[in-house]
Structure formats: structure tokens, C-alpha cells
Amino acid sequence: MSEVVIRKAVQEDCAPMLELIRELAEYEKALHEVTITLDEFIEDGFGKSPVWGAFVAEVNNEIVGISLYYDRFSTWKGRRLYLEDLVVTERMRGKQIGKLLFDATLEYGKSNQYSGMVFQVLNWNEPAINFYKKYSPKFDNEWLNVSIELKD
């Protein structure tokens, strides 16, 4: 395999990043729930008030993985980094690309003085759960996920 390059995402990466997000949604049997447009995605990441950041993994100048994160605040813990999505395209899984992206995101959090990093994983996604277990995380069985849609 060619060298894997991990770098901060730039605006030109948004289209292939959104394709990876759709690939993840398809894997999770929820492709119909991806409603964001490319223009909205670009604006939210690179517009006047960006709300997300990301690392991308490239092999032969092709984006094959992403780690997308944003700021979260806990009244108990302070600034937390929220990992929204860690995605590696199916054909490139098992090549340590997810680990490289996850480690880059952890390092970003440490170097920017976040108090921790939080994320979700589906309870049926055993490969992801086993991946995260290598980092000795705290799995929380107390809290329920709650969401209210504000757009039609």
C-alpha cells in the first residue's frame, strides 16, 4: 500500500468527505437521513462561522478516510472535543488508517487543551466497538440519545 497522509481538511475536500459520510450512512442503513447539501457542508466547515474541523487520510491523492470533530462544552468538565464521525472507506479498512486518524484527533485535542474527547458508537457496530476498546474508553449505559429536528 502507498503511504497514508493524514492532514487537516481543506474546503476542496468537502465533496469526497461527504461521499464518505454517505458511505457510512449506507453501512448504518440510514442513507435517507443524510440531508445536508454540499453547499451547507462547505459553509458549515469553511464559511464565516465554521462549526466543524476534520482530518483526512489520503492514499495516492485520494481521500480514503475522515475524522470530523467539533467543540463541545460540559458544565462539569469544560471544553470537550466531540468526534462526530470516523470513517474509512470499506476497501481500505484494516490498514490502520482509522487508527492514524483517531490518533491525530486525540493529539489535536491534547495539544489544544481539551479536557477529553467524546463520541458515540452504535451498539451493534462490533468492529467499531472493538476498535475503540483499544483506547480504554468509558462506555456509558446511563444516558439516552435525544434529538429534535428543527428543519423540515
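Is Asp13 buried or exposed? In this predicted model, Asp13 is buried, with a relative accessible area of 5%. The residue takes part in a salt bridge with Arg7, whose closest N and O atoms are 2.7 Å apart. Arg7 itself is partly exposed, at a relative accessible area of 23%.

Arg7 also meets the side chain of Glu58 in a salt bridge (2.9 Å, N to O). Arg7 belongs to strand E1 and Glu58 to strand E2, so this pair ties together parts that lie 51 residues apart in sequence. Glu58 is buried, with a relative accessible area of 15%.

Asp103 is partly exposed, at a relative accessible area of 28%. Lys99 also counts as partly exposed, at 35%.

The strands build an open sheet. Five of them take part, in the order E1-E2-E3-E4-E5, and the pairing is mixed. Strand E1 (4–8) and E5 stand at the edges with a single partner strand each, so one side of each has no neighbour in the sheet. From one strand to the next, the twist averages 25°. E1 pairs with strand E2 (residues 53–59) in the antiparallel sense, over five bridges. Within this pairing, Val56 in E2 is the bridge partner of Arg7. Helix H1 (residues 14–27) packs on the sheet and touches E2, strand E3 (62–74) and strand E4 (78–88). The direction of H1 makes about 80° with that of E3.

Most residues other than glycine have a negative phi. Asn60 is not a glycine, yet its phi is positive, at about 50°. Asn60 sits in the loop between E2 and E3 and is exposed, with a relative accessible area of 58%. Gln113, also not a glycine, has a positive phi of about 60°. Gln113 lies in the loop between helix H3 (97–111) and E5. Gln113 is exposed, with a relative accessible area of 61%.

The surface carries a nonpolar patch formed by Tyr27, Leu122 and Trp124. Together these residues present about 280 Å² of accessible area. Leu122 is found in the loop between strand E5 (117–119) and helix H4 (126–133). Leu122 counts as partly exposed, at 33% relative accessibility.

Terms used:
Residues are numbered from 1 along each chain as its sequence is written. This is a predicted model: local features need pLDDT of at least 70, side-chain atom pairs count only at pLDDT 80 or more; totals for chains, interfaces and linings use all residues. Side-chain values use heavy atoms; hydrogens and water are left out. Patches are made of residues with over 30% relative accessible area and no salt bridge: like charges are joined within 9 Å, nonpolar side chains (Val, Leu, Ile, Met, Phe, Trp, Tyr) within 5 Å. Accessible areas come from the Shrake-Rupley method with a 1.4 Å probe; for residues, only the protein chains shown count as cover. A salt bridge is a side-chain nitrogen of Lys or Arg within 4 Å of a carboxyl oxygen of Asp or Glu. Helices (H or I, at least four residues) and strands (E, at least two) are DSSP runs, numbered from the N terminus. Buried means under 20% relative accessible area, exposed over 50%, partly exposed in between (1.4 Å probe, protein chains only). Two strands pair if DSSP finds at least two bridges between them. Axes are lines fitted to C-alpha atoms, for helices over the stretch in contact, and angles run from 0 to 180 degrees between N-to-C directions. Contact means heavy atoms within 4.5 Å.
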